[in-house]
Each structure stands twice: as structure tokens, then as C-alpha cells.
Amino acid sequence: KDTVLGSVARPLDTIVHAYVPEDRVQDVAVGDEAEYYSGADFQTIKGRITNIEPIRREHLAHLNLTSQSDGDLPVVEDERGRLRLLESYYLVEMELTEDHPILRLGLAGKVHLTTPPRSRLMDFINLCYRTFIRESGF
């Protein structure tokens with residue numbers, strides 16, 4: 001009784017979860033500037049990357065981001081009913097730094113990052129190399 005188990009320290013801080021494909025995660029760094037585009041009212045809010053999980057996600061809890069809900073992340077349901085990602089994605093957290101209205105929990109949108117330019121030819125060569133290594137059993 002009368003013990004505080006937790007409290008809201010900064011209620012207006014908003015953390016956005018974004019999922020970055022494995023082949024692009026090396027282009028993202030903590031501290032990078034980013035922009036969140038709300039799917040509901042098309043507003044743009046600036047933010048900063050605060051965390052990049054070092055281990056890829058195998059399961060996804062955000063149903064509205066998945067292919068089962070017309071989202072961009074391809075998933076299948078496993079034997080336990082969890083949504084298993086079919087491709088490798090890493091969770092990236094972004095803190096919104098610009099004043100913004102309070103956003104609804106679970107609101108889907110897009111995060112745009114400025115990353116170094118990449119060659120499509122090198123991406124294709126890397127894809128072929130990874131496929132060769134995977135299929136040859138190295």
C-alpha cells in the first residue's frame with residue numbers, strides 16, 4: 001500500500017517503433033535525424049533515432065503493420081498463433097523531437113531516414129552473393 005511501482009515521467013514523449021530491413025540496418029545509426037509521417041492525418045513530425053536492437057525480430061506484435069492487415073511486413077502465423085516475420089527486420093526506436101499533438105497508441109505510419117546513397121548494381125551483386133553462400137552450404 002502507498003508504494004509507487006511506476007510513474008509517467010514525461011507523458012508527452014512519444015516513441016515510434018520502425019522496422020528496418022536487414023540489408024539497410026547498417027545505414028542507420030543512433031542519433032540520426034528522421035521524420036515520422038502519420039498514416040491518419042498525413043502530418044510530418046521530426047525525430048531522432050534513440051535505439052537500434054542488435055538482434056533481428058522473429059515475431060511481430062504489431063498486427064496493423066503486417067501483411068495480414070494490408071501492411072508492409074510479410075508474416076505467417078506459427079503453431080502458437082504468433083506472427084512470424086518471413087524476412088529479417090530490426091526494430092529501430094525513434095523519439096519525436098518536434099512539438100506534436102498526442103498520437104493514438106498503435107497508429108501506423110512511415111518513418112523516413114536520410115541514408116548514404118547506394119548502388120542498385122552493388123545491391124544486386126550482394127543479393128546474388130548471399131544467395132550463392134546460402135544455397136551452397138558455406
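Q: Which element gives the most to the lining of the second largest pocket?
A: Helix 1 does, with 6 residues. Bear in mind that this is a predicted model.

Q: Which elements give two or more residues to that lining?
A: Strand 6 and helix 1, the latter spanning 120–136.

Q: How much space is in the second largest pocket, and which residues lie nearest its centre?
A: The space comes to about 430 Å³. The pocket is lined by 14 residues, and Pro21, Glu22, Asp23, Leu127 and Arg130 lie nearest the centre.

Q: How does the lining split by class?
A: There are 7 charged, 4 polar and 3 nonpolar residues in the lining of the second largest pocket.

Q: Changing topic. Which residues touch the most other members in the largest nonpolar core?
A: Tyr36, Ile49, Met94 and Leu96, out of 13 residues in that core.

Q: And which elements give two or more residues to this core?
A: Strand 1 (15–21), strand 2 (33–38), strand 3 (44–52) and strand 6 (83–96). Strand 6 gives the most, with 4 residues.

Q: What lies apart from that core?
A: Another core, of 8 residues, which include Tyr19, Leu60, Leu73 and Val75.

Q: Salt bridges next. How many does the structure hold?
A: The structure holds 6. One of them joins Arg48 to Glu33, with 3.6 Å between the closest N and O atoms. Arg48 is in strand 3 and Glu33 in strand 2, so this pair ties together parts 15 residues apart in sequence.

Q: Arg48 and Glu33: what are their relative accessibilities?
A: Arg48 has 36% relative accessibility and counts as partly exposed. Glu33 is partly exposed too, at 48%.

Q: What does Glu35 pair with?
A: The side chain of Glu35 meets Lys46 in a salt bridge, 3.0 Å from N to O. Glu35 is in strand 2 and Lys46 in strand 3, 11 residues apart.

Q: Is Asp72 buried or exposed?
A: Asp72 is exposed, with a relative accessible area of 55%. Lys110 is partly exposed, at 43%.

Q: What about Asp27, buried or exposed?
A: Asp27 counts as buried, because its relative accessibility is 17% and the cut-off for buried is under 20%. Asp27 lies in the loop between strand 1 and strand 2.

Q: What does Asp27 touch, leaving out residues up to four places away in sequence?
A: Asp32, Thr115, Pro116 and Arg118.

Conventions:
Residues are numbered from 1 along each chain as its sequence is written. This is a predicted model: local features need pLDDT of at least 70, side-chain atom pairs count only at pLDDT 80 or more; totals for chains, interfaces and linings use all residues. Side-chain values use heavy atoms; hydrogens and water are left out. A nonpolar core is a set of buried Ala, Val, Leu, Ile, Met, Phe, Trp, Tyr and Cys residues joined through side-chain atoms within 4.5 Å. Buried means under 20% relative accessible area, exposed over 50%, partly exposed in between (1.4 Å probe, protein chains only). Contact means heavy atoms within 4.5 Å. On a 1 Å grid over the protein atoms alone, a cavity is a set of points where a 1.4 Å probe fits but cannot get out, and a pocket is an open set with protein on both sides within 12 Å along at least five of seven lines; lining residues have an atom within 4 Å of a point. Grid points are joined across faces, edges and corners, and a volume is the space filled by probe spheres set on the points. Ala, Val, Leu, Ile, Met, Phe, Trp, Tyr, Cys and Pro count as nonpolar, Asp, Glu, Lys and Arg as charged, and the others, Gly among them, as polar. A salt bridge is a side-chain nitrogen of Lys or Arg within 4 Å of a carboxyl oxygen of Asp or Glu.
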